[in-house]
Amino acid sequence: MRTGGKAGGPGAGGKGTGGKGAGAGPRRGGRPPAAGAPRGPAGKAKRPSHDARRSARARPEREEAEIRTEPTRNPAPHHPVPRGAGPRQPAPKPATRPAGKPVAARRAPVTEGPTRAEVKAETAQVLATGVQQLVVTADENEMRIDRFLENRFPQLSFSHIQRIVRKGELRVNGKRADSKDRLEEGQTVRIPPLKLEPQESRPRSLKADDDTLGFLRSITLYEDDDVIVLNKPAGLAVQGGSGTTRHVDQMLDVLTDKSGQKPRLVHRLDKDTAGCLVIAKSRFAAATLAKTFRSRSARKVYWALVAGVPRVRQGRISTYLAREEAYDGDQRMAVAQHGEDGAMHAVTYYAVVETAAQKLGWLSLKPVTGRTHQLRAHAAHIGHPIVGDPKYFNIKNWELPGGIQNKLHLLARRIVLPHPRGKGTIDVSAPLPPHMRQSWNLLGFEDAHYDPIVDAPDE
């Protein structure tokens with residue numbers, strides 16, 4: 001989880017305080033003493049101290065600055081007194097400010113710039129006409145590029161954003177960018193010409209908003225002024241994508257406050273993964289929590305049901321993972337070699353909690369890094385893929401035990417992280433989703449069992 005100078009200057013002794021031959025006689029070529037200046041015993045003008053001279057030099061500048069900031073007063077009109085009209089009456093004295101209260105400088109009015117909604121509307125209109133150069137604002141500092149595009153262009157789907165990044169069409173300060181790169185204030189982002197799908201402006205349904213709000217409240221595990229932790233159901237997408245119309249990010253619109261600030265995602269879960277999902281309710285909390293996840297200060301514990309039982313009951317999985325295109329056009333992560341294009345290091349700790357006749361194993365997983373599909377790819381890599389995984393289950397002729405549903409058995413069980421405002425620690429656990437609860441009951445697993453991975457090292 002964003003001394004001292006040299007000794008011996010004026011006032012510190014030496015030549016700067018007394019001067020050579022001070023008080024030995026009249027100074028030659030010096031200025032005459034001011035009227036009313038204090039004099040010494042011999043009637044000679046007493047030389048003011050260093051601090052007094054410095055204060056006297058600075059006073060005219062302050063007085064001049066104060067005069068400049070005073071409002072201009074119209075001088076009293078001059079009327080000549082005719083002869084024989086009597087003595088001239090004294091002119092009224094202008095009002096003066098109480099002594100000791102300096103005149104405050106008036107600040108020029110602050111001109112407000114365009115709102116974020118106006119920026120989005122303007123850029124959306126010209127996006128399809130040619131290449132755009134967008135400058136990162138202070139509010140967008142340290143924001144991921146994909147989030148930057150989502151905020152600027154809500155018409156773009158998540159898959160569309162990923163596609164232009166993969167093609168190398170997105171550049172930051174002239175360099176090819178990755179979707180997970182972080183932006184800095186003042187950088188220039190080059191956006192290629194894009195074809196935006198027109199969005200229909202449908203009126204918001206109050207009943208639909210109430211239903212969405214009620215649903216979010218029903219799955220809330222923790223909430224305060226800065227953070228929400230949701231128990232995301234399996235099958236609910238976190239963000240929009242191709243053919244996805246209902247997702248958590250879209251639901252968060254109903255939680256927009258009076259100032260127009262919408263809660264933000266600070267990490268993600270796969271669509272079929274259930275469990276703890278952290279949401280930031282303010283821009284400050286989002287920035288702080290993003291740093292927490294990047295610095296690996298958040299402790300995450302997952303539960304999974306896997307095929308077979310690892311021979312080593314507790315261990316560490318360390319590989320490089322890279323994205324690859326499947327034959328059906330879908331994406332998946334594959335184990336790669338260090339130095340390969342797009343390969344990123346991924347580390348996961350695991351421990352066997354319970355077993356069922358060596359056919360099924362309950363694993364507790366602790367990811368150190370947060371790569372896409374990391375736990376699913378690592379479980380398959382050690383030969384024990386997660387039950388119900390449509391992408392990574394690679395055991396041929398393996399039969400699913402009766403009564404166990406063919407759904408991904410992966411739960412984001414626990415999240416532990418420091419509060420963004422230093423208010424202690426947030427520690428939240430999610431219950432088993434219905435399909436995993438059914439499997440646990442069939443296999444006789446007790447989910448209140450001690451979780452050994454909590455004490456595993458972080459690196």
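## Sheet, helix and salt bridges in a predicted model

Helix H4 (residues 145–152) lies across S1, strand S2 (171–172) and S4, at about 105° to S1. The model is predicted, and the mean pLDDT of the protein chain is 76, with 66% of its residues at 70 or more.

The strands under discussion belong to an open sheet of four, ordered S1-S4-S2-S3 with antiparallel pairing. Strand S1 (132–135) and strand S3 (175–176) stand at the edges with a single partner strand each, so one side of each has no neighbour in the sheet. Four bridges join S1 to strand S4 (residues 188–191), and glutamine 132 stands opposite isoleucine 191 in S4.

| Pair | Closest N and O atoms |
|---|---|
| Lysine 262 and aspartate 249 | 3.5 Å |
| Aspartate 270 and arginine 376 | 3.1 Å |
| Arginine 437 and aspartate 447 | 3.0 Å |

Lysine 262 lies in the loop between helix H7 (248–251) and strand S7 (264–265), and aspartate 249 in helix H7, so their pair ties together parts 13 residues apart in sequence. Lysine 262 is partly exposed at 24% relative accessibility, whereas aspartate 249 is buried at 14%.

Aspartate 270, in the loop between S7 and strand S8 (274–280), and arginine 376, in helix H9 (residues 374–381), are 106 residues apart. Aspartate 270 is partly exposed, with a relative accessible area of 21%; arginine 376 is buried, at 4%.

Technical notes
Residues are numbered from 1 along each chain as its sequence is written. This is a predicted model: local features need pLDDT of at least 70, side-chain atom pairs count only at pLDDT 80 or more; totals for chains, interfaces and linings use all residues. Side-chain values use heavy atoms; hydrogens and water are left out. pLDDT is the predictor's confidence in each residue, from 0 to 100. Two strands pair if DSSP finds at least two bridges between them. Helices (H or I, at least four residues) and strands (E, at least two) are DSSP runs, numbered from the N terminus. Contact means heavy atoms within 4.5 Å. Axes are lines fitted to C-alpha atoms, for helices over the stretch in contact, and angles run from 0 to 180 degrees between N-to-C directions. A salt bridge is a side-chain nitrogen of Lys or Arg within 4 Å of a carboxyl oxygen of Asp or Glu. Buried means under 20% relative accessible area, exposed over 50%, partly exposed in between (1.4 Å probe, protein chains only).
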